[in-house]
Amino acid sequence: MRMKRIIFSLSLLLFMAGIYGQTGHITLEECQQKTQDNYPLVRQYDLVEKTKEYNLENAARGYLPQFALSAKASYQSDVTELPITIPGVDIKGMAKDQYQVMLELQQQIWDGGGIRMQKKKATAEAEIDREKLNVDMYALNGRVNDLYFGILMLDEQLAQNALLQDELGRNFRQITAYVENGIANQADLDAVKVE
């Protein structure tokens, strides 16, 4: 996890430095917006919303009638026969095979608020997930801010170093003139030597 953060931070730093180098300047808000636009976590906002909608639809199905169809077949190797005979009446024994088909309809009339609670739960879970993403995005903005101001500070340090090198160069040239005129010696020149 730490390695991923380091890679992300370096990528962001290079990305921001590239934009800064191309345009001459970029605002903090632009950096934050570009980071959020390209950060994979942003796509999870859509997933949270789709999951919420799916859960709400499933809960609402509890109000719909439920149908169940079942079928059964059986075969008896031996069946009961009536041991009597009635003249003029043909009594057939039971068939060895039997079939049964059943269609069942269930309609929920009252559920004690269960479906309403499922919907509230789905909405609350989506809100919690959305807030977790907001916290992650806030932390991401914090990292962007740190990198942005770190780059600005490095730019200022580079500018200060350039000014210091210019000043040392002027001092070196001035002391060189003094050495040539005999006012200063080689040790003075070595003290301000620019490398």
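Author: Of the chain's 195 residues, 16% count as buried, that is, under 20% relative accessible area with a 1.4 Å probe, protein chains only. The model is predicted, so local features need pLDDT of at least 70 and side-chain atom pairs pLDDT 80 or more, while totals for chains, interfaces and linings use all residues. Residues are numbered from 1 along each chain as its sequence is written, and side-chain values use heavy atoms, with hydrogens and water left out.

The chain has five helices and two strands, taken as DSSP runs (H or I, at least four residues; E, at least two) numbered from the N terminus. Their order is α-α-α-β-β-α-α.

Helix H3 (residues 44-60) packs on H4 at about 175°, with the axes 9 Å apart; axes are lines fitted to C-alpha atoms over the stretch in contact, and angles run from 0 to 180 degrees between N-to-C directions. H3 is therefore roughly antiparallel to H4, the term for angles over 145 degrees. Contact means heavy atoms within 4.5 Å, and among the residues making it are Tyr-45, Val-48 and Leu-56 of H3 and Ile-115, Ala-122 and Leu-133 of H4.

Helix H2 (residues 28-38) also meets H4 (residues 114-181): their axes come within 10 Å and cross at roughly 135°. This makes H2 oblique to H4, the class left after angles under 35, over 145 and 65 to 115 degrees are set aside. The contact includes Leu-28 and Cys-31 of H2 and Met-137 and Phe-149 of H4.

Note on methods. Buried means under 20% relative accessible area, exposed over 50%, partly exposed in between (1.4 Å probe, protein chains only).
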